[in-house]
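Work through the exercises below with the sequence and the 3D view side by side. Try each task before you read its solution.

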Amino acid sequence: MSELWEGITRAIWLVVTLDADLVEITLRSLRVTLSALVVASLIALPLAAVLAVRRFWLRRATIAVLNALMGLPPVVVGLLVYVVLSRDGPLGVLGLLFTPTAMIIAQVIIIVPLIASIAHQSLRELWSDYHDLLISLHTSQFQRICTLLWDGRRALLTAALAGFGRAIGEVGAIMVVGGNIDHHTRVLTTAIALETGKGEFALALGLGFVLIGLAVAVNLCIHWLGQTERTGRW
Amino acid sequence: MSLLPMVATGASVRRQGKVLIGPVDLRLDGQGVTIVIGPNGAGKTSLLKMLHGIVRLRTGSVSWNCPVEEARERQAFVFQQPVMMRRSVVDNVAYPLRLIGVPRRAARAEALEWVKRIGLEAAADRSANVLSGGERQKLALARALIRKPEVLFLDEPCASLDGRATREIEALLQDAVAAGTRLVMSTHNLGQALRLANEIILVARGQIQEHRSAGDFFAGPETPEGRAFLRGDIVE
């Protein structure tokens, strides 16, 4: 219990004093996760819309695979990315292993199925509402997809939020491909794992509370954005 | 070049092995209002959707006086349950213009004129999902009319609306007819058919039973179904 209390006070102290290491690690966490989120959303949201609108061979199988991939073990993803990016791997020449870019790649692979599956559920319902109207207006496939993505944007925020939550708390894959190198690839989750390993529970807890605070802050921001529907903004 | 005449030849629609409508031979020409009447499940909605081209034909053809792609651009459809897009009232009305590349500002300006015309200017920037049934139907009508369609299909647009909302919708429809739009509309309301129709199509059991001028139909239907319908008997 004392460690928990000490963790809380340590977290407050780290935040109040704007600890340089904490700021650096936090900003890197945010940069990596938000970059992965943007890239994953650019892939997953149009994919979800295409799956909602188009009827094609193996569509059901694609959806089933996407749903199954939501449970992809991060460590395995990390291992695969490691193999691909390692010196002898097919993309080894790019020299991306143990860089934030490698961490972003791993996170993208982990959260694309999650965002796409949740987004697909929302867009499928929206498409059933809009189907007759959009067919009647003689819209192209591209216009249908754009319309669904725009009109479903608040529901899609929830999908993106789920992706953010998964990515910001991810440790297995980014530990493997990032290497947890100080001032280079260390992020909040890998720092927590390191401090726990060293027996520095208070600092690990402090970093944990900062991580929770960060996730809650981003959630609240998105929740606020979602509420703007009531006033007709956004 | 006019969109009409429209000619349906042996056209039919099936779903899961059941014939919903057809085979239909029909010619639509001239101006005014064609009212489609008939009991529930007779095939009125299927007929309208088939002519508009939003359901796949099982047999036959529906041809217009221009290529089919162009014909689709020059028609509109108002559904019985109006589809409200998750947008503001004015953006709902502007949507068809945005689809054909009208700049956002110009599309919104024109949409706002329509919103004022249907009496919803106070709700212009509010979400369309908060509108009442009558307001939704007026919005759907404005959205259909904003591209000035030459033919407008309406599937029971006044179903479950009160007298005032029905009167407002009918006034908009009469304005559209005066502006040269050809209306093809289904209804259960014989009074409405009497007020608006230039010609009547009676549909029963997936077939067109009668297609005559409104005056002739109301003076004396040719078929037992038509006579029963006018008497207020149950037609199946």
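Helices (H or I, at least four residues) and strands (E, at least two) are DSSP runs, numbered from the N terminus. The model is predicted: local features need pLDDT of at least 70, side-chain atom pairs count only at pLDDT 80 or more, and totals for chains, interfaces and linings use all residues. Residues are numbered from 1 along each chain as its sequence is written, while chains are lettered from A and ligands numbered from 1 in the order in which they are written.

**Exercise 1. Chain A**

Task: Which elements make up chain A, and in what order do they run from the N terminus?

Solution. 
- Step 1: Read the order. From the N terminus, the elements are α-α-α-α-α-α-α-α-α-α.
- Step 2: Count by type. Chain A has 10 helices and zero strands.
- Step 3: Box the chain. Along the principal axes, the C-alpha atoms of chain A fill roughly 65 × 50 × 30 Å.

**Exercise 2. Record against model**

Task: Where does UniProt place the "transmembrane region" features of chain A?

Solution. 
- Step 1: Take the spans. An unreviewed UniProt entry gives residues 32-53, 65-85, 91-116, 155-181 and 201-225 of chain A. UniProt positions are in the numbering used here, feature names are shortened, and annotations may be inferred rather than shown by experiment.
- Step 2: Check residues 65-85 of chain A. This span is 81% helix and 0% strand, with its end C-alpha atoms 25 Å apart.
- Step 3: Check residues 155-181 of chain A. Here the figures are 78% helix and 0% strand, and the end C-alpha atoms lie 37 Å apart.
- Step 4: The unreviewed UniProt entry lists "domain: ABC transmembrane type-1" at residues 26-222 of chain A.

**Exercise 3. Where the chains touch**

Task: How many residues of chain A are in contact with chain B?

Solution. 
- Step 1: Set the cut-off. Two residues are in contact if their C-beta atoms, placed from the backbone, lie within 7 Å.
- Step 2: Count. 13 residues of chain A meet 16 residues of chain B.
- Step 3: Locate the chain A side. Helix H5 (100-136) and helix H6 (141-151) of chain A each supply at least two of its residues. H5(A) gives the largest share, six residues.
- Step 4: Sort by class. The chain A side has four nonpolar, five polar and four charged residues. Ala, Val, Leu, Ile, Met, Phe, Trp, Tyr, Cys and Pro count as nonpolar, Asp, Glu, Lys and Arg as charged, and the others, Gly among them, as polar.

**Exercise 4. Helix packing in chain B**

Task: At what angle do H5(B) and H6(B) pack?

Solution. 
- Step 1: Survey chain B. It has nine helices and nine strands.
- Step 2: Axes are lines fitted to C-alpha atoms, for helices over the stretch in contact, and angles run from 0 to 180 degrees between N-to-C directions.
- Step 3: Read the pair. H5(B) and helix H6 (residues 163-178) of chain B pack at about 10°, with axes 10 Å apart. H5(B) and H6(B) are therefore roughly parallel (angles under 35 degrees; over 145 is roughly antiparallel, 65 to 115 roughly perpendicular, the rest oblique).
- Step 4: Name the contacts. Among them are B:Leu141 and B:Leu145 of H5(B), and B:Ile169 and B:Leu172 of H6(B). By class, this H5(B)–H6(B) contact has six nonpolar, two polar and two charged residues.
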